[in-house]
Amino acid sequence: MRSLNDEAGNGPAVASPSHDGRAPAHGGRARFDYLIVGAGFAGSVLAERLARGLDKRVLLIDRRPHIGGNAYDHLNDDGLLIHRYGPHIFHTNSQQVVDYLSRFTGWRPYEHRVLAQAAGQLVPIPINRTTVNRLYGLDLDEAGVATFLKSKAEPVAEVRTSEDVVVGAVGRELYETFFRGYTRKQWGLDPSELDRSVTARVPTRTNDDDRYFGDKFQMMPLHGYTRMFEAMLDHPNITLALGSDHRTVAREVRYDRLIFTGPVDEYFDFRFGRLPYRSLRFRHETVDREWFQPVGVVNYPAEEVAHTRITEYKHLTGQSHPRTALTYEYPSAEGDPYYPVPKPENAALYRQYQALADATPGVHFVGRLATYRYYNMDQVVGQALALYGRLAEAEAKGGTGGGTRAAAERIAAIGGRSATEPVAL
Ligand SMILES: Cc1cc2nc3c(=O)[nH]c(=O)nc-3n(C[C@H](O)[C@H](O)[C@H](O)COP(=O)(O)OP(=O)(O)OC[C@H]3O[C@@H](n4cnc5c(N)ncnc54)[C@H](O)[C@@H]3O)c2cc1C
């Protein structure tokens with residue numbers, strides 16, 4: 001991995017690309033086959049593959065001062081490994097994604113468990129047998145819980161909203177205990193205003209399974225995500241420029257193709273308006289005791305509590321330390337774009353940008369911001385590997401590699417989960 005200054009001597013300024021994003025065939029010093037905007041999973045996987053697999057010269061940039069995108073982790077001032085942008089738990093059903101990432105990291109087995117603070121106690125979420133028995137002071141077996149939930153469920157004539165989904169499955173009381181307040185805080189909208197997809201696949205269990213995810217592979221990178229990204233990007237064909245914005249760099253270097261993993265509406269200067277996002281504020285702190293809570297994440301569904309959840313990283317990382325690091329999450333309308341707001345009008349707005357993106361030659365839009373979808377990490381890795389496959393195929397045939405839509409379609413095969421699963425509860 002090199003820095004941009006190694007390439008360009010005393011500065012990166014070389015030549016401006018022409019209007020379609022392709023570099024002019026003359027002038028300047030630093031020249032790359034690919035400019036990749038964004039060093040998260042999408043950009044880093046593609047940088048690695050293009051450099052190592054196709055021997056391409058890649059300039060990978062990020063406007064943030066670090067690699068890893070939202071999965072970035074680091075040691076805090078107390079020497080505890082934390083995730084700057086909230087807890088990232090790796091889970092997938094894709095052997096292909098596991099095999100690929102295993103080239104750059106070992107793994108620590110970790111099954112994520114979440115408790116919710118409700119009615120003065122901590123109960124498992126998603127709702128399972130323990131949740132029902134504890135909340136109602138019962139001792140039901142599996143069949144008893146199924147019958148109980150059925151008796152609570154309210155018939156909903158047409159399931160349109162998130163509220164309909166949950167009330168139809170577990171009834172109004174459990175909906176109000178676990179979903180209404182949490183969703184109103186998380187999205188700034190009442191569940192009755194949110195697309196049914198937000199809660200459509202939130203599972204309800206009648207057995208004692210208290211794992212948050214059902215995936216075949218559940219684990220954490222042994223030394224953290226950032227170390228994994230460092231290993232991925234450790235290649236002489238990859239030049240890294242951090243703290244660098246696309247607009248500035250694109251004017252200063254020459255490149256043949258662009259891979260853009262930033263917000264698609266920003267790329268097109270918000271031509272049709274801004275795609276709405278929900279953001280988060282993270283409050284990180286270290287407390288002077290060995291453990292703070294019994295599991296990695298505790299949810300706070302009550303509306304009167306400002307934060308939605310608290311993460312205690314040592315559960316995730318396995319780190320031994322006399323103190324413990326926490327992150328409180330406060331949903332917010334302002335700030336970095338984290339969650340696309342799942343409403344039909346936003347999907348329609350995105351389709352306008354998608355049409356523009358599909359019609360822009362020499363540029364590939366990939367990742368969660370460029371495709372305006374909440375994707376899990378494994379899905380983004382799958383999307384990036386699929387795009388790489390197309391680029392490699394086109395290279396072999398002497399073509400252009402095509403758009404990202406077909407690659408995006410293949411994501412369904414990776415993980416096969418709801419795009420909103422981790423944020424619905
Ligand atoms: C709070 C939270 C928790 C999550 N938890 C999980 C989890 O437990 N498990 C899971 O699988 N997934 C989780 N995810 C999803 C995960 O973060 C994404 O799947 C993953 O980060 C997507 O990678 P990406 O490369 O598409 O985007 P990102 O990681 O966002 O990377 C895009 C990068 O592009 C850079 N960029 C954007 N525009 C520009 C520009 N114009 N110029 C230069 N750089 C630019 C950004 O700075 C950013 O670093 C979570 C997401 C959030 C928000």
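## The chain at a glance

Buried residues make up 45% of the 425 residues in this chain; a residue counts as buried if 20 or more other C-beta atoms, placed from the backbone, lie within 10 Å of its own. The structure is a predicted model, in which local features need pLDDT of at least 70, side-chain atom pairs count only at pLDDT 80 or more, and totals for chains, interfaces and linings use all residues. Residue numbers start from 1 along each chain as its sequence is written.

You will find 14 helices and 18 strands in the chain. Helices (H or I, at least four residues) and strands (E, at least two) are DSSP runs, numbered from the N terminus.

## The nonpolar cores

Let's look inside. A nonpolar core is a set of buried Ala, Val, Leu, Ile, Met, Phe, Trp, Tyr and Cys residues joined through C-beta atoms within 7 Å. The largest one has 66 residues, and those touching the most other members are Leu35, Ile36, Leu46, Val58, Leu59, Leu60 and Ala384. Helix α13 (residues 377–397) gives the most to this core, with eight residues. At least three residues come from each of domain 1 (2–67 + 233–274 + 341–413) and domain 2 (71–112 + 277–339); the domain bounds come from an automatic or database domain assignment.

Leaving aside neighbours within four places in sequence, Leu46 is in contact with Ile36, Ile259, Ala384, Leu387 and Tyr388. Contact here is between residues whose C-beta atoms, placed from the backbone, lie within 7 Å. A second, separate core has 24 residues, including Val145, Ala169, Tyr175 and Val298.

## Around the ligand

Which residues come nearest to the ligand? Of the 34 residues around the ligand, they are Gly38, Gly40, Gly69, Gly262 and Gly367. A residue is near a molecule if its C-beta atom, placed from the backbone, lies within 6 Å of it. Helix α2 (41–54), strand β3 (58–62) and α13 each give two or more residues to this shell.

Why does the ligand lie between domain 1 and domain 2? It does so because both domains give residues to the shell around it.

Strand β14 (residues 297–299) runs antiparallel to β15, joined by three bridges, and Asn299 stands opposite Arg309. Strand β16 (residues 324–332) is also antiparallel to β15, with four bridges, and Thr327 in β16 is the bridge partner of Thr311. Two strands pair if DSSP finds at least two bridges between them.

Methods: Buried ≥ 20, exposed ≤ 12 C-beta atoms within 10 Å, placed from the backbone. Contact = placed C-beta atoms within 7 Å.
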